[in-house]
Amino acid sequence: MNYVYVKDSEGYVSKKLESEVSADEKIISEKEYNKKSGLAFYQKKFGHGGARENAGRKQKFALPLKFQIRVTKEEKDFIAYAREHKLNYSALMQM
């Protein structure tokens with residue numbers, strides 16, 4: 001399989017198999033392909049053929065926010081008891 005770089009009549013460039021090149025497409029060099037496709041810019045600017053490392057969306061905060069609510073001492077004790085004994089709140093509400 002021999003790949004070549006081609007430019008079509010509208011100026012778009014692509015990489016194709018040599019057997020798939022049509023009559024209206026012109027074979028170009030790899031250097032011209034990189035320049036026309038924009039790959040040369042990335043290779044020059046970032047030193048490799050792609051976007052910069054770690055590009056993309058990031059989490060705004062490393063840790064989720066902590067919610068604070070005001071509770072009485074009894075409510076705090078009940079919450080601690082429920083957590084220790086792994087009480088299922090949904091099951092209790094169904095009773």
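## The largest pocket

In this predicted model, the largest pocket has a volume of about 170 Å³. A pocket here is an open set of points on a 1 Å grid over the protein atoms alone, where a 1.4 Å probe fits, with protein on both sides within 12 Å along at least five of seven lines; the volume is the space filled by probe spheres set on the points, which are joined across faces, edges and corners. Its lining residues, those with an atom within 4 Å of a point, are F67, I69, V71, K76, I79, A80 and R83.

## Salt bridges

Let's turn to the charged pairs. The structure holds 3 salt bridges, each a side-chain nitrogen of Lys or Arg within 4 Å of a carboxyl oxygen of Asp or Glu.

K16 and E25 meet at 2.7 Å, N to O. E25 counts as buried, at 15% relative accessibility, while K16 is partly exposed at 23%. The cut-offs are under 20% relative accessible area for buried, over 50% for exposed and in between for partly exposed (1.4 Å probe, protein chains only).

K73 and D77 pair at 3.1 Å, N to O. K73 is exposed at 61% relative accessibility, and D77 is partly exposed at 39%.

## Reading notes

Residues are numbered from 1 along each chain as its sequence is written. Local features need pLDDT of at least 70 and side-chain atom pairs count only at pLDDT 80 or more, while totals for chains, interfaces and linings use all residues, and side-chain values use heavy atoms, with hydrogens and water left out.
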